[in-house]
Amino acid sequence: MSDTRMIIVSACLAGIKCRYDGTHQVDAAVLSLVREGKGIPLCPELLGGLPVPREPCEIRDTAEGRRVFTSSGADVTERFLEGAERTLRIARDAGAAAAILKSRSPSCGSKVIYDGSFSGKIIAGMGITAQLLTENGISVHSEEETADFLAADDPQKKNENARPA
């Protein structure tokens, strides 16, 4: 990467067992960023005080606005908001201009999330943290976009991609 600014990354993508089910979903490119000192692994849900493991959570639109509920019906919105705010503070302190976050997560989903029915249905939308970061000028990408995001930020890779075959 040509820019030395830090990138916020979902901790589960860096191999940290912090997902709701106590697992990780390591992504090799994200792990490399962390090992190279270019990525800061964070879990907004842990920063909001939620445990590992924890009940699955999904976002629902309610009369009170967007709320996050556990599969048993507990409203954990305040925990998600607290984690998002803490993530934003760390991102600002680190001078991060971008984040690579776990897709479909109620915190980190950047393009799609689960619909709140706990049926596995995916809808267009953003997680709580992804939305807050975006609203504050931080570019948010999913792990599915990591290669393209990193290549777009690397002039050497841009040149390699532009060369005729």
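Visitor: In which strand is Ser 142 found?
Guide: This is a predicted model, in which local features need pLDDT of at least 70, side-chain atom pairs count only at pLDDT 80 or more, and totals for chains, interfaces and linings use all residues. Residues are numbered from 1 along each chain as its sequence is written, and side-chain values use heavy atoms, with hydrogens and water left out. Strands (E, at least two residues) and helices (H or I, at least four) are DSSP runs numbered from the N terminus. By that numbering, Ser 142 is found in strand β8.

Visitor: Does Ser 142 count as buried or exposed?
Guide: Buried means under 20% relative accessible area, exposed over 50%, and partly exposed in between (1.4 Å probe, protein chains only). Ser 142 has a relative accessibility of 5%, so the residue counts as buried.

Visitor: Which residues does Ser 142 touch, not counting those up to four places away in sequence?
Guide: Contact means heavy atoms within 4.5 Å. With residues up to four places away in sequence not counted, Ser 142 touches Ile 100, Leu 101, Ser 103 and Ser 110.

Visitor: How far apart in space are Val 140 and Cys 108, C-alpha to C-alpha?
Guide: Val 140 is also placed in strand β8, and at 11% relative accessibility this residue counts as buried. Val 140 and Cys 108 are 32 residues apart in sequence, while their C-alpha to C-alpha distance in space is 8.9 Å.

Visitor: Which residues of the largest nonpolar core touch the most other members?
Guide: A nonpolar core is a set of buried Ala, Val, Leu, Ile, Met, Phe, Trp, Tyr and Cys residues joined through side-chain atoms within 4.5 Å. In soluble globular proteins, nonpolar side chains tend to be buried together. Of the 23 residues in the largest such core here, the ones touching the most other members are Ile 8, Val 68, Phe 80, Ala 99, Leu 101 and Leu 133.

Visitor: Which partner does Val 9 have in β5?
Guide: Two strands pair if DSSP finds at least two bridges between them. β1 and β5 pair in the parallel sense over three bridges, and β1 is also joined to β2 in parallel, by four bridges. In β2 the bridge partner of Val 9 is Pro 41; in β5 the bridge partner of Val 9 is Ile 100.

Visitor: Which residues of strand β1 are buried on each side?
Guide: In a regular strand the side chains alternate between the two faces of the sheet. Both faces of β1 (residues 7-10) are covered. The buried residues are Ile 7 and Val 9 on one side, and on the other Ile 8 and Ser 10.

Visitor: How many salt bridges does the structure hold?
Guide: A salt bridge is a side-chain nitrogen of Lys or Arg within 4 Å of a carboxyl oxygen of Asp or Glu. One of them joins Glu 45 and Arg 54 at 2.8 Å, N to O, and both of these residues are buried. The number of salt bridges in the structure is eight.

Visitor: How many residues apart are Glu 144 and Arg 104?
Guide: Glu 144 and Arg 104 meet through their side chains in a salt bridge of 3.1 Å, N to O. Glu 144 lies in the loop between β8 (139-142) and α5 (146-152), and Arg 104 in the loop between β5 and β6 (112-114). Glu 144 is exposed at 54% relative accessibility, whereas Arg 104 is partly exposed at 23%. The pair links distant parts of the chain, and the separation is 40 residues.
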